[in-house]
Amino acid sequence: MIPAAFEYYAPRSLNDALSYLASHRDDVKILSGGQSLMPLLKMRLSKPAYIVDIGRIPGLDGIIEEGDHLIIGSLVTHAQIEDSGLLKQECPLLPKTATTIADVQVRNRGTLGGSLAHADPAGDWPAAILALEAEIKITGPNGERWVKADEFFLGLLMSVLEPDEIVTAIKVPITGSDKTAYLKAAPRSSGFAVVGVAVRLALDGAGNCARSAVAITGVADKAYRAARVEQMLAGKKLDERTIEDAAAEAVRNIEVIEDINGSSEYRAQLTRIYVARAIDAALAGR
Ligand SMILES: Cc1cc2nc3c(=O)[nH]c(=O)nc-3n(C[C@H](O)[C@H](O)[C@H](O)COP(=O)(O)OP(=O)(O)OC[C@H]3O[C@@H](n4cnc5c(N)ncnc54)[C@H](O)[C@@H]3O)c2cc1C
C-alpha cells in the first residue's frame, strides 16, 4: 500500500529538527531507519501529517569511548554495531545481539535509537540495554536528559519519550571481564523474539556470582529485568542446579502474553529454558 500524504522535512541540524517537532508536535513522526515506521505508514496504521527525517543530522552516528563507558549515537545501525571492533572488544553483548536481528537489509537500515524509541515488546535491543544498565539520552525543547534503561519503557510501543523529543545517544558500560550472552527463540518468518534473554554476569575470585543482570524480551508488554532470578544467582557457584532453580523464577510476577506464536504456558516454559541456556552461554563465553 501507499502511505497517506505527509510533509517531509530532512533537517541538517538537531536544533532545526527540534524546532520542526515543536511546531508540529501533535501530528509528527521522526524517521530514522524506517524499518518499523515505513510498514506502519504503508499499512496506514500511522498517518502523520509531518515526517522529520533525522538521518542527515551530523553527530548522531558515532561510537566513542568515554572513560569506562561507550556513547553510541542514536543513528548507529544494527549492522554497524554488529561489525564494530570497539564494541566487540569493550561491550560484546551488543554485537552478539545485533547478529540476531532480522536480516541484512533490516540491519543495514534499522538504528539503535529508532528501535528503542519504537519500544517493541519483542525487540531485541530492550533486553540488551536493560542487562547493561544503559542510559538513554533524550534531547528535547528543554535541553537534554538521561533516562535509565529500566525507566525508559512504559509498555506496548510506549516509552517516556514526548512527541517533541529525540533519542540522541545511548550510554553503555565497558563490560571488561564480565560474561555476557544474548539468546532468543524466534520464528523464521519474522525473526522477532518469542523470548529473548540477555545476561551479564560478574564472578568473584572464587568463581561465585558477584553480580548478575538478566533481562527478558518478547514475553510481556515490555522487556523486564528478572529480579528474582538475579537474587537466586547472587553469591552462588553457578552450577547446573543453581542455574535451573534460578531460571524457574524467570516469569515470577510477570503477565506472560499469548499470541499466534504460542500460549502463555508455552512461552513461560520457553523463557525458563532460555534463561538457563543464556546463563550457560555467558559462562561458556559464547
Ligand atoms: C522484516 C523485519 C524484521 C525485523 N526483525 C527484527 C528483529 O528480529 N528484532 C528486532 O529487534 N527488530 C526487528 N525489526 C525492527 C527493526 O529492528 C527496526 O529497525 C527498529 O525497530 C526501528 O528502528 P528504525 O531506525 O528503523 O526506526 P524507524 O522505523 O525510523 O522508527 C521507529 C519509531 O521510532 C521513532 N523514532 C525513530 N528514531 C527516533 C529517535 N531517534 N528518537 C525518537 N523517536 C524515534 C519513529 O518516529 C517511529 O515511531 C524488524 C523489522 C523488519 C521490517
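On a 1 Å grid over the protein atoms alone, a pocket is an open set of points with protein on both sides within 12 Å along at least five of seven lines, where a 1.4 Å probe fits, and its lining residues have an atom within 4 Å of a point. A volume is the space filled by probe spheres set on the points, which are joined across faces, edges and corners.

The model is predicted, so that local features need pLDDT of at least 70 and side-chain atom pairs count only at pLDDT 80 or more, while totals for chains, interfaces and linings use all residues. Residues are numbered from 1 along each chain as its sequence is written, and side-chain values use heavy atoms, with hydrogens and water left out.

The largest pocket has a volume of about 1,200 Å³ and is lined by 48 residues, with S36, L37, G114, A117 and H118 nearest its centre. Two or more lining residues come from each of β2 (28-31), α2 (37-42), α7 (112-118), β9 (158-159) and β10 (166-173), these being DSSP runs numbered from the N terminus, with helices (H or I) of at least four residues and strands (E) of at least two. Among these elements, α7 gives the most to the lining, with five residues.

The second largest pocket holds about 220 Å³ of space, and of its 14 lining residues D120, A122, F192, D259 and N261 lie nearest the centre.

The space taken by the ligand is the largest pocket, a molecule being placed in a pocket if more than half of its atoms lie within 2 Å of the pocket's grid points. Around the ligand stand 30 residues, the closest being I30, S32, L37, T111 and D124, where a residue counts as near if one of its heavy atoms lies within 4 Å. The largest share of this shell, four residues, comes from α7.

The polar contacts below are pairs of N or O atoms within 3.5 Å.

| Side chain | Ligand atom | Distance |
|---|---|---|
| K29 | oxygen | 3.5 Å |
| S32 | nitrogen | 2.7 Å |
| D124 | nitrogen | 2.6 Å |

Taken on its own, the ligand has 970 Å² of accessible area, and the protein covers 90% of that area, with areas computed by the Shrake-Rupley method with a 1.4 Å probe.

Terms used:
A polar contact is a pair of N or O atoms within 3.5 Å; within protein, one must be able to donate a hydrogen and the other to accept it, and residues adjacent in sequence count only if both atoms are side-chain atoms.
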